Amino acid sequence: MKEMIRCLVCRPEKVTFGMKEFLIWERDLDEKLTCRTIPYDTMVLAYPEAYDEKTGEMTAPEIQEITGSMKGNLIIWDRQRTMFRVELFDYEENVGSIFMRLADQIPFAFLGSTPWMQIQDDQDFAEMLRMISLYKNLNPQCYD
């Protein structure tokens, strides 16, 4: 049986990097500033969804193609197969720059587009989790 995939859209006023989690500050329906957190050690895949000014399309670049000046959204998948779409297109800092700072915080996750592995595929997702678990067992100091 296929697992349910959830998608949460965040429109932050501010993003910050905590010691163990990524914090997304946004307004709720009552206009109160609330904080959503995504622990770094639950992240499986993170990549920018970059706006291509030539074509006008959004693309998911591979890690070697990511630059700090990219504009767009940040996509984060967690262990529960929830996709967080952090809409940063109009944010004060470029998504490429935020992604690079996030990549420094995550103990291990797949970074950049992974065309050789599709997180939506049950077998690929299970394999990604297995690889992360293997890395965690080999490098427990990264998760302290």
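1. A salt bridge is taken here as a side-chain nitrogen of Lys or Arg lying within 4 Å of a carboxyl oxygen of Asp or Glu. The structure is a predicted model, in which local features need pLDDT of at least 70 and side-chain atom pairs count only at pLDDT 80 or more, while totals for chains, interfaces and linings use all residues. Residues are numbered from 1 along each chain as its sequence is written, and side-chain values use heavy atoms, with hydrogens and water left out.

2. Helices (H or I, at least four residues) and strands (E, at least two) are DSSP runs, numbered from the N terminus. Arg130 is partly exposed at 46% relative accessible area, and Glu127 is partly exposed at 27%. On this scale, buried means under 20% relative accessible area, exposed over 50%, and partly exposed in between (1.4 Å probe, protein chains only).

3. A salt bridge also connects the side chains of Arg11 and Glu87, with an N to O distance of 3.0 Å. Arg11 sits in the loop between strand 1 (6–10) and strand 2 (14–17), whereas Glu87 is in strand 8 (residues 82–87), so the pair ties together parts that are 76 residues apart in sequence. Arg11 is exposed, at 55% relative accessibility; Glu87 is partly exposed, at 29%.

4. The side chains of Arg27 and Glu13 form a salt bridge at 2.6 Å, N to O. This pair links distant parts of the chain, 14 residues apart: Arg27 in strand 3 (residues 21–27) and Glu13 in the loop between strand 1 and strand 2. Arg27 is partly exposed at 40% relative accessibility, and Glu13 is partly exposed with a relative accessible area of 41%.

5. Turning to the aromatic residues, rings of Phe, Tyr and Trp (its six-membered ring) pair if their centres lie within 6.5 Å; planes under 30 degrees apart count as stacked, over 60 as edge-to-face and the rest as tilted. The count is 5 aromatic pairs. Among them, Phe17 and Phe22 make a tilted pair, 5.2 Å centre to centre with 45 degrees between the planes. Phe22 is buried, at 0% relative accessibility.

6. Phe108 and Phe110 pair edge-to-face, with 5.8 Å centre to centre and 65 degrees between the planes. Phe108 is partly exposed at 23% relative accessibility, whereas Phe110 is buried at 7%. Together with Trp116 and Tyr135, Phe108 and Phe110 form one aromatic cluster.
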